[in-house]
There are 2 protein chains.
Amino acid sequence: MRTSRFFLSTSKEAPAEAELVSHKLMLRAGLIKRLGSGLYTWMPLGLRVLRKVEAIVREEMDRAGAIELLMPAVIPAELWQESGRWDVFGPQMLKIKDRHERDFLFGPTHEEVITDIARKEIRSYRQLPVNFYQIQTKFRDEIRPRFGVMRAREFLMKDAYSFHADAASLDETYCAMYDTYSRIFTRLGLKFRAVAADTGAIGGSGSHEFHVLADSGEDAIAFCPNSDYAANVEMAEALPPTGSRPAPGQAMQEVATPGKHSIAEVSAFLGVPADKVVKTLIVKGEKGLIALLLRGDHALNEVKAGKLTGVFSPLTFASDAEVHAAVGCPPGSIGPVGLKLPIIADRALMNLADFVCGANAAGYHLTGVNFGRDLPEPMFADIRNVVEGDPSPDGKGQLGLCRGIEVGHIFKLGTKYSEALQAKFLDEQGKSQTMIMGCYGIGVSRIVAAAIEQGHDERGIVFPPSIAPFELAIVALGYRKNPAVKEAADALYNQLKAADIDVVLDDRDERPGVMFADMELIGVPHRVVVSERGLKEGQLEYQGRQDATATKLPQAEAAKQIEERVKA
Amino acid sequence: MRTSRFFLSTSKEAPAEAELVSHKLMLRAGLIKRLGSGLYTWMPLGLRVLRKVEAIVREEMDRAGAIELLMPAVIPAELWQESGRWDVFGPQMLKIKDRHERDFLFGPTHEEVITDIARKEIRSYRQLPVNFYQIQTKFRDEIRPRFGVMRAREFLMKDAYSFHADAASLDETYCAMYDTYSRIFTRLGLKFRAVAADTGAIGGSGSHEFHVLADSGEDAIAFCPNSDYAANVEMAEALPPTGSRPAPGQAMQEVATPGKHSIAEVSAFLGVPADKVVKTLIVKGEKGLIALLLRGDHALNEVKAGKLTGVFSPLTFASDAEVHAAVGCPPGSIGPVGLKLPIIADRALMNLADFVCGANAAGYHLTGVNFGRDLPEPMFADIRNVVEGDPSPDGKGQLGLCRGIEVGHIFKLGTKYSEALQAKFLDEQGKSQTMIMGCYGIGVSRIVAAAIEQGHDERGIVFPPSIAPFELAIVALGYRKNPAVKEAADALYNQLKAADIDVVLDDRDERPGVMFADMELIGVPHRVVVSERGLKEGQLEYQGRQDATATKLPQAEAAKQIEERVKA
């Protein structure tokens, strides 16, 4: 490709509305162009990157024996009514009426369509297992689309769906997909972690998310540096404390804490560390209000708490008015002593003695409080977020926390869809059985943004070579004025193209600084400069995108040496 | 690919609703699966064909210097309001409201989006010309979707849009696209014709359609067998007659023709050939009704007539009541003599003397009528469809008629969109000019159906080799029972794969008849049978999809000979 015949469109400034660095750089590099809220055109340069990601995903899915097909983007409502999701998926689903006023949706995901195909096409256990996938444009009507293609409404997704005769077969394909995803993200050149995840709205019995690690990631991940353990913070288990609870050492006492409401205020006022202060939160349970107790320095984990018996999921908090009506004091003064509500305490409180808590009277706290003596032993459960330094649930060390961008998700769906749609097969005994399903998604377009979040510097994008728009740029200084430069650049270009290198020849009539800056901004990993001065010395100048300095290559051996560097 | 790990899904019967042979065969071969009205899943086998078509289209567009990008499928209404198409495109446009009740559409075509990009990205004549294209899922809400993917609602399209500084540059790209399309359809292995076409609703000043020739085609095409001339019958010019009009030989006479209304009836009753009977049609003009005269054996061409000054386009006919009110007789008895309406006569009537026409009185006709004597000379114009045997407008012989399936369309758009959206650039003199545009579409998914309409027999699909789902099938008889067959088939499979042949190994445990029938039904162009009997004789059996008989190949040379045949 020659820049003169391509369509580069770089700029020095990014629109002010772009917050994330990947969004800014994708706009500045001309990878994408905004059409509307959450709607982006993939410009020629961006499409090259997107197609490289897509090709790696496709190759690895094919290698794993998955079979590609292509389902319609527009789906009749009836199928989603049959599964029940038409009414529960919510406003992210873009509903459509056709000219005959019939209901359709722009598919945000395709479980129903593929299950409909399976129930019509698969009769016998001999046709199982099978794993279908597609790479397709999807639409989710995000309430606040943002961050460019990171959270766009229209996006490119790889979605796969597997069908099985039994759970063991699902496990096998699930593991194969786990490995396939690991290979995909490795080939993409990304630092990533597979994390145990909550199954969320899609439902099912097991799930891993694949996160590209980046400080800007929306998801908090707990991981063990010494092992494979990683989990979304939503899911990571906080182990109960070891050892036993000290005996009470203080008498319970009510103290005035005028105007002190937050843990920090109370802790400072009383001179007691936050981990000795207990906070009480009132949530709505299935049979009325419930009090949740946490250590002052810990945060409630709503997902884990929501899964407890008797507690609603998703968890909802009682309003100030509801708290006041039930307890008779404002939320900042509540405490468990004498409280007429069911109490669930976080396990971190199990060994806590002589703690501080609200006195259920505005402006007062209790000190020297002890379970068993001043109030009944509560029910203990894991309802907090893990924090850095917590023991890893696999016993291999202490947890660290990092942030990630979710780019892949694998689910054991079980029979949620196959039961709803009656997708059955005859087993070896001729008995009708419900198919067991898995599903496996990759956000193809989001990967491009995630790769940039992970790889960038002050000069622009640092793409992994496998997905850079070009592998190598030949910057020809004076291509249009100096025949020797033109000849040398064209010869090198043709040699490297023949060596199957994805090379771009910058043959524009621009200042050297503009050409260098453009090739750096768009993230080309390797660069060679052909200049009049260099040629006089018989040399070309090579520089890797992250190299501090350039290396001179003898012109005669340049093609060979460059090829080696690019293919290294 | 091995059939045991693929997902073949053939059947002997096609659903009754499938009318076209391509629709029937695509369902029977398992290329597609219906999801809803005009909505089809491309099953794994069909997707292979679709991708091969797509790849050829992409390669040739790239070769022509067009630059690929990818625009969103969902388009904000504002852009279409700016061009004016939001209100005039009609119900084929699928309108969508998002969660905030804002208007969008599922793009049936992308002129507005690309023009919006051009007006933001292109500043100078130095950036022109440029030709962008995409291969994308589109949606047109057909009132009666039918014929499978031939006229589906959701379909895959290649659409390209070029921008130019002047008309000469547009002409150059238009010609290049004409050539590119010819190369594409040639590489696809299809018999096709480029035909001059009406520009229809998209607007513009020049246009060719590319038709795959097939008896089932919806479009009638007039062509000259001795030249490149071809035109949609809507557009084909009927040349005026040569020679001159004979002098009147008969006196005008009113004759009773009781109960005779149609041309056939009047012609038979009076013993006068149909080409001497003139029919009179009353249409609505801009200033009232207009009478159109045609030879009895000719048909009105509404497109050509609609383009005449004073006549509405699209042409509308007067109702029987309107005719009666204006003329005082039923439509079957109208004639031009004494008619108080403007009259336009088809040019075929220029040299007609002593003709028959309605007498403007129910049950009567006039014979021996002559222009200039019995009524004023009318205005003559080309308002009829050409018929087989008409002289070709290029003077190279007589026209023939055939039927075609439109699979491509190239347009000179001019400034329709660039003016509406104010897409301007600075020319060499620094003056602001409006960009000139062309657009170029190919119905990628429709090509698959068109290829089958053109290529099929009683056993199934006869795909051109370039787009067949597989180039070659190895049918291994007894693969699972006979180790010698397995070994020979695997070895051949690996050899041919290494030779870069797209080979499928049918390793199923099926009867030979089923395997042969499947490979024929799905249109694999080459087949080799590996059987125990053949191996004992040291031979494999080769047969081309359209060969009457099989050819025996010595096993040792089989791979080489097959490779030669496949690559021939």
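These legends describe close-up views of a predicted model.

**View 1. Helices α2 and α6 pack against each other in chain A.**
Two packed helices are described by the angle between their axes and the distance between the axes. Here the partners are helix α2 (residues 44-63) and helix α6 (residues 167-187) of chain A. Their axes come within 10 Å and cross at roughly 150 degrees. Angles over 145 degrees count as roughly antiparallel, so α2(A) and α6(A) are roughly antiparallel to each other. The crossing of α2(A) with α6(A) is right-handed. On the α2(A) side, look for A:I56, A:V57, A:E59, A:E60, A:M61 and A:R63. They meet A:M177, A:T180, A:Y181, A:R183, A:I184 and A:R187 of α6(A). By class, this contact has 6 nonpolar, 1 polar and 5 charged residues.

**View 2. Helices α2 and α6 of chain B also come into contact.**
Helix α2 (residues 44-63) and helix α6 (residues 167-187) of chain B have axes that come within 10 Å. The crossing angle is roughly 150 degrees. The two helices, α2(B) and α6(B), are therefore roughly antiparallel to each other. They cross in the right-handed sense. From α2(B), the contact takes in B:I56, B:V57, B:E59, B:E60, B:M61 and B:R63. From α6(B) come B:M177, B:T180, B:Y181, B:R183, B:I184 and B:R187. The contact of α2(B) with α6(B) holds 6 nonpolar, 1 polar and 5 charged residues.

**View 3. Helix α2 of chain A also crosses helix α11 of chain A.**
Helix α11 spans residues 444-454. The axes of α2(A) and α11(A) come within 9 Å and cross at roughly 115 degrees. That makes α2(A) roughly perpendicular to α11(A). The crossing is right-handed. Find A:V49, A:L50, A:V53 and A:E54 on α2(A). They meet A:V444, A:S445, A:I447 and A:V448 on α11(A). This contact of α2(A) with α11(A) has 6 nonpolar, 1 polar and 1 charged residues.

**View 4. Chain A is divided into three domains.**
Domain 1 is made of two stretches, 3-236 and 401-452. Domain 2 covers 253-381, and domain 3 covers 470-567. The C-alpha centres of domain 2 and domain 3 of chain A lie 66 Å apart.

**View 5. Four strands form an open sheet in chain A.**
Read the strand order as β14-β15-β16-β19. The pairing is mixed. At the edges are β14 (278-285) and β19 (379-381) of chain A, and each pairs on one side only. Neighbouring strands of this sheet are turned by 30 degrees against each other on average, direction ignored. Now pick out strand β15 (residues 288-295) and strand β16 (residues 343-346) of chain A. They run parallel and are joined by 3 bridges. A:A291 stands opposite A:I343 in β16(A).

**View 6. An open sheet of 5 strands in chain B has mixed pairing.**
The order is β27-β26-β28-β29-β30. Strands β27 (503-506) and β30 (551-554) of chain B each have a single partner strand, so one side of each is left without a neighbour in the sheet. On average, neighbouring strands are turned by 25 degrees against each other, direction ignored. Strand β26 (residues 472-476) and strand β28 (residues 526-530) of chain B pair in the parallel sense over 5 bridges. One pair to find is B:A476 with its bridge partner B:V530 in β28(B).

**View 7. Helices α12 and α15 of chain B lie across strands of chain B.**
Helix α12 (residues 483-498) lies across β26, β27, β28 and β29 (539-544) of chain B. It runs at about 170 degrees to β26(B). Helix α15 (residues 555-567) lies across β26, β28, β29 and β30 of chain B. Helix α15 runs at about 125 degrees to β30(B).

Most residues other than glycine have a negative phi, and most peptide bonds are trans. A cis peptide bond joins A:L128 and A:P129, with omega about -5 degrees. A:P129 sits in the loop between α5 (111-121) and β7 (130-139) of chain A. In chain B, a cis peptide bond joins B:L128 and B:P129, with omega again about -5 degrees. B:P129 lies in the loop between α5 (111-121) and β7 (130-139) of chain B. A:F147 is not a glycine, yet its phi is positive, at about 65 degrees. Find A:F147 in the loop between β7 and β8 (154-164) of chain A.

Notes:
Residues are numbered from 1 along each chain as its sequence is written. Chains are lettered from A and ligands numbered from 1 in the order in which they are written. This is a predicted model: local features need pLDDT of at least 70, side-chain atom pairs count only at pLDDT 80 or more; totals for chains, interfaces and linings use all residues. Side-chain values use heavy atoms; hydrogens and water are left out. Axes are lines fitted to C-alpha atoms, for helices over the stretch in contact, and angles run from 0 to 180 degrees between N-to-C directions. Angles under 35 degrees count as roughly parallel, over 145 as roughly antiparallel, 65 to 115 as roughly perpendicular and the rest as oblique. A crossing is left-handed if the near helix is turned anticlockwise from the far one by less than a right angle, and right-handed if clockwise. Contact means heavy atoms within 4.5 Å. Ala, Val, Leu, Ile, Met, Phe, Trp, Tyr, Cys and Pro count as nonpolar, Asp, Glu, Lys and Arg as charged, and the others, Gly among them, as polar. Domain bounds come from an automatic or database domain assignment. Two strands pair if DSSP finds at least two bridges between them.
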